[in-house]
Amino acid sequence: MVRRAHRAWMAACIIVTMPLLALWAHAAPAARLWLEPSVQQIGLAGEAVVEVWLGDVVDLYGVEVHLQFDPALVEVIDEDPAAAGVQIAPGNILAGDVPFLNQADNAAGQIDYAVMAVLSAPFNGSGVLATIRFAAKAAGVASVSFVGSQLVDSSAASIPHSVIGGSVQVLAVTATPTPSVSPSITPTPTATLPPKATSTPTPTRTPTSTPTATRTPTATPSRTPTPTATGSPTPSRTATPTPSRTPTPSGPCSHLVVNGGFEYSTGWTLQGRAEYTTARYHGCCRSVRLGIEWYEPNTSGWDSAQQWISLPGSASSARLRFWYYPVSGDPNDSQYCWLMDLSGHVLAEPLRLTWPASNGQAWAYVDYDLMPFLGRGFFLRFEVYNNGYGGITTLYVDDVDVQVCP
Ligand SMILES: [Ca+2]
Ligand SMILES: [Ca+2]
């Protein structure tokens, strides 16, 4: 009852203030409203966590947002079963107050959320306004967009702000992010090393068009403890930035990697000893580490981080960019970045380090052209192989970006 009265009172407040807000002149739009992550992938049994972020706000007294999503593909999970209807979870902005508007309509695909600083002090800075959990319903790309937003300061002036929505892609797989489809990641994590794709139980899913210059996984010569530089072509690796082509002719570019900065624990499938770490990073404050730390035992094994990327059919530019920090005491261990199809075939090798670059111990940059892969999907996979003797090998990766410009 108290809550209902509180809501009614707040609703009255907003009805009174809203018409006034439209009259206020605008200052420079520094504040930002966006979704984090902007893009993510889940399976049919999966769940997507989307945070509604507010950045660089000053003297925030009240905020109201309205979001739309595709109700055929995803639905909002109720975070407050005790309350009527479906609610999303409040964040840390104006956390001392109960939102006076918090409802999700899973039939209409709408989310309405608003909170005002009645008990809280006005908010300054950046933080999470609310968190939405979506459950998958059907495969497809569900855009999640802002259809209205209002920020108000303590003098009831409207705060100008930029707005960026996002999307949740539901893949037609039952596992959560995209992992179990790849036969290459099924084998046992123990010492003996089966060739990559041989242990696949269902070899059915052959890729649509056989790509050029593939290295079949059965070859994987560098897996054996023999010296590395076997006759693999190391295709068009452009380790140096190619600043020539700055596109963005029409519309904004999109960024397809989920959690490319490794600041969250979403997006990537980590295997072996791979883990998010604060030990090193290129962009604050975490990276992903593949391989062995100096205090860990020197045992053989692969460690990898991968996620599925689907490129659109046309683009003016498509680039893979990332930073890596290699450490190695053994020319016979290996560090890679691969593009791989569903059956574990390597489509391209944007990074393959050889001695002594494999022990560079400094952040290095890769800028790689993805235009040959338009219209198809692939696993973007970083991998380290340790042979279990000699020196140990590690690779840190950070700030991974796949930028596609229309
Ligand atoms: Ca980072
Ligand atoms: Ca070794």
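This is a short tour of one predicted model, stop by stop, with something to select at each.

**Stop 1: the whole chain**

Start with everything shown as a cartoon. You'll find 1 helix and 22 strands. The chain has 406 residues, and buried ones make up 37% of them. Now think about who touches whom: of the contacts with a separation of 6 or more, 77% are between residues 24 or more positions apart.

Next, colour by pLDDT. The chain average is 79, and 74% of the residues score at least 70. Select residues 12–27, where the pLDDT is below 50; in the model this stretch has 14 contacts beyond near neighbours in sequence. Then select residues 178–249, where pLDDT also stays under 50. The model shows 104 contacts beyond four places in sequence for residues 178–249. Where pLDDT is low, the predicted coordinates should not be read in detail.

**Stop 2**

Select residues 47–69, which form β3. Strands of a sheet pair through backbone hydrogen bonds, either parallel or antiparallel. Here are some pairings of β3 to look up:

- β1: an antiparallel pairing over 5 bridges. Click on Trp34, which stands opposite Trp53 in β3.
- β8: antiparallel again, over 10 bridges. Ala48 faces Phe134 in β8.
- β9: 9 bridges, with the strands running antiparallel. Leu67 has Phe146 in β9 as its bridge partner.
- β7: 7 bridges in the antiparallel sense. Gly62 stands opposite Met116 in β7.

Before you leave β3, click on Asp56, which sits in this strand. Asp56 has a positive phi of about 55°, although it isn't a glycine. Most residues other than glycine have a negative phi, and most peptide bonds are trans. Is Asp56 buried or partly exposed? It counts as partly exposed, because 13 other C-beta atoms lie within 10 Å.

**Stop 3: the largest nonpolar core**

Show side chains for Val63, Val74, Ile132, Val168 and Val170. In the largest nonpolar core, which has 43 residues, these five touch the most other members. Several elements give two or more residues to this core, including β1, β4 (74–76), β8 (123–136) and β11 (166–170). Which element gives the most to this core? That's β3, with 11 residues.

Zoom in on Val63. Leaving out residues up to four places away in sequence, Val63 touches Leu54, Ala114, Val115, Leu129 and Leu151. Apart from this core lies another one, of 42 residues, with Trp302, Ala305, Trp308 and Val400 among them. In soluble globular proteins, nonpolar side chains tend to be buried together.

**Stop 4: the end of β1**

Go to Glu36, in strand β1 (residues 31–36). Beyond its neighbours within four places in sequence, Glu36 is in contact with Glu51 and Trp53. Glu36 counts as partly exposed because it has 19 C-beta neighbours inside 10 Å.

Now step on to Pro37, in the loop between β1 and β2 (39–42). The peptide bond joining Glu36 and Pro37 is cis, with omega about -5°. For another cis bond, jump to Cys284 and Cys285, where omega is near 15°. Cys285 is in the loop between β14 (275–277) and β15 (287–291).

**Stop 5: a five-stranded sheet**

Pick out the open sheet of 5 strands, ordered β13-β16-β21-β18-β19 with antiparallel pairing. Why is one side of β13 (269–271) and of β19 (346–352) left without a neighbour in the sheet? These two strands stand at the edges and each has a single partner strand, so one side has nothing beside it in the sheet. On average, neighbouring strands here are turned by 20° against each other, direction ignored.

Gln271 stands opposite Ser304 in β16.

Asn259 isn't a glycine, yet its phi is positive, about 60°. Asn259 counts as buried because it has 20 C-beta neighbours inside 10 Å.

Technical notes:
Residues numbered from 1 in each chain as written. Chains lettered and ligands numbered in written order. Predicted model: local features only at pLDDT ≥ 70, side-chain atom pairs only at ≥ 80, totals over all residues. Helix = DSSP H or I, 4+ residues; strand = E, 2+ residues; numbered from the N terminus. Buried ≥ 20, exposed ≤ 12 C-beta atoms within 10 Å, placed from the backbone. Contact = placed C-beta atoms within 7 Å. Core = buried A, V, L, I, M, F, W, Y, C linked by C-beta atoms within 7 Å. Pairing = 2+ DSSP bridges. Axes fitted to C-alpha atoms, helices over the stretch in contact; angles between N-to-C directions. pLDDT = per-residue confidence, 0-100.
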